[in-house]
Amino acid sequence: MLDEFLPAELFVVLFVFVRVGAALMLLPGFAEPYVAPRARLFLALLVSIVIAPIVRDTVPPLPEAILTLVLLIVGELVIGFFLGTVTRLFIATMATAGMIIAFMSSLANALVDDPSSQQQGSIMGSFMTTIAVLLMFMLDLHHVMLMAVADSYTLFRPGEPLPLGDFSEMVTRVVSKTFLLAFQLSAPFIAVGTVFYLGLGVLGRLMPQVQVFFVAMPLQVAMGVIILFLSLPVMMGWYITQFRGTLMPFLAPS
């Protein structure tokens, strides 16, 4: 019945578009609010047309019943959202690390509009998020993300039962990994800030008449900016390494 309205070749492209489109709704760089929705939709359709001949053998034939088609589409949506969520969680790492750095640098109240999360965030977090997205495209990690979506057809074949237990375990591991990574990125600021606060406490006990708050804030801001630009290359290098390592399990062996 359905094959009368939907030719087989068009069905393959649209079927692939479901997974690719769901992933591109969350992939870093592609799903940012400042990317035009029409450009994102056109890119998803273009990637689907390119991928469709490669994964054609894994796409099930056009089902006869509407309910079967709906179940197939829901499964593809879940897989696409899963792939996008894993990468999107890594972008949230920068917001967490940026807020920790902002607390240690007396910049926690300097909130700016974060274009990635579409809400207010720390100025450090917004800066580091922008740098992370920029590096992903400079180092061609957006190619790796698209390759992971294409190779996911070898891991999660359409029509087969979804490994929801593995999905939830993977998301849990990534969430814990991102929190650990956020503390690792902000470790220099935590170490220096702890020593600085101990020094201020000693100074406050030795000289109670000194206004520690007014003395400390300019020094904290200057200290935070200096440490940021000294440690930023190492921080971003470690972040990109961890991000790429998370994507590798989704790539088919070459």
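Analyst: We will go from the whole chain to single residues, and remember that this is a predicted model.

User: What does the secondary structure of the chain come to, and in which pattern?

Analyst: The chain has 8 helices and 2 strands. Read along the sequence, the pattern is α-α-α-β-β-α-α-α-α-α.

User: How does the radius of gyration of the chain compare with that of a compact globule?

Analyst: The chain has 23 Å. A compact globule of 254 residues would have a value near 18 Å. The box tells you about extent along the principal axes: the C-alpha atoms fill roughly 85 × 35 × 30 Å.

User: What share of the residues is buried, and what makes a residue count as buried?

Analyst: Of the 254 residues, 43% are buried. As for the surface, the chain exposes about 13,700 Å². Carbon and sulfur atoms supply 73% of that area.

User: What share of the contacts joins residues 24 or more positions apart?

Analyst: The share is 83%, counted among contacts with a separation of 6 or more.

User: How far apart are the mean positions of the positive and negative charges?

Analyst: They are 12 Å apart, for 10 positive and 14 negative charges.

User: How many aromatic pairs are there?

Analyst: The structure holds 10 aromatic pairs.

User: Why is the pair of Phe82 and Phe250 called edge-to-face?

Analyst: Two values matter. The ring centres are 5.9 Å apart, and pairing needs them within 6.5 Å. The planes stand at 65 degrees, and edge-to-face needs over 60. Both tests are passed, so Phe82 and Phe250 form an edge-to-face pair.

User: What makes this a link between distant parts of the chain?

Analyst: Phe82 sits in helix H3, residues 66-104. Phe250 sits in the segment after helix H8, which covers 212-247.

User: Why does the pair of Phe156 and Phe167 get the name edge-to-face?

Analyst: Run the tests again. Their centres are 5.2 Å apart, within the 6.5 Å limit. Their planes are at 80 degrees, which is over 60, so this pair is edge-to-face. Phe156 lies in the loop between helix H5 (141-155) and helix H6 (164-185), while Phe167 lies in helix H6. The pair therefore ties together parts 11 residues apart in sequence. Phe156 and Phe167 are both buried.

User: Which residues do ring pairs link into a cluster?

Analyst: The cluster holds Phe82, Phe156, Phe167 and Phe250.

User: Why is Asp140 called partly exposed?

Analyst: Its relative accessibility is 37%. Buried would need under 20%, and exposed would need over 50%. The value falls in between, so Asp140 is partly exposed. You will find Asp140 in the loop between helix H4 (123-138) and H5.

User: What is the phi of Asp140?

Analyst: It is near 60 degrees, a positive value in a residue other than glycine. Most residues other than glycine have a negative phi.

User: How do you know that His142 is buried?

Analyst: Its relative accessible area is 13%. The cut-off is under 20%, so His142 is buried. His142 belongs to helix H5. Beyond its neighbours within four places in sequence, His142 is in contact with Phe30, Met136 and Phe137.

User: And why is Val47 counted as buried?

Analyst: Val47 has 14% relative accessibility, under the 20% limit, so it counts as buried. Val47 is in helix H2, residues 37-51. Val47 and Leu146 are 99 residues apart along the chain, yet their C-alpha atoms are separated by 8.4 Å.

User: What makes Phe243 buried?

Analyst: Phe243 has 1% relative accessibility, and under 20% is enough, so the word applies. Phe243 is part of helix H8. Leaving aside neighbours within four places in sequence, its contacts include Thr87, Phe90 and Leu141. Leu141 is 102 residues away in sequence and 9.0 Å away in space, C-alpha to C-alpha.

User: Last one: how do you know that Pro28 is buried?

Analyst: Its relative accessible area is 0%, which is under 20%, so Pro28 is buried. Pro28 lies in the loop between helix H1 (8-24) and H2. Setting aside neighbours within four places in sequence, Pro28 is in contact with several residues, among them Arg88, Ile91 and Met145.

Technical notes
Residues are numbered from 1 along each chain as its sequence is written. This is a predicted model: local features need pLDDT of at least 70, side-chain atom pairs count only at pLDDT 80 or more; totals for chains, interfaces and linings use all residues. Side-chain values use heavy atoms; hydrogens and water are left out. Helices (H or I, at least four residues) and strands (E, at least two) are DSSP runs, numbered from the N terminus. The radius of gyration is taken over C-alpha atoms; the globule rule is 2.2 Å times the number of residues to the power 0.38. Buried means under 20% relative accessible area, exposed over 50%, partly exposed in between (1.4 Å probe, protein chains only). Contact means heavy atoms within 4.5 Å. Accessible areas come from the Shrake-Rupley method with a 1.4 Å probe; for residues, only the protein chains shown count as cover. Lys and Arg count as positive and Asp and Glu as negative; His and the chain ends are not counted. The place of a charge is taken as NZ of Lys, CZ of Arg, CG of Asp or CD of Glu. Rings of Phe, Tyr and Trp (its six-membered ring) pair if their centres lie within 6.5 Å; planes under 30 degrees apart count as stacked, over 60 as edge-to-face and the rest as tilted.
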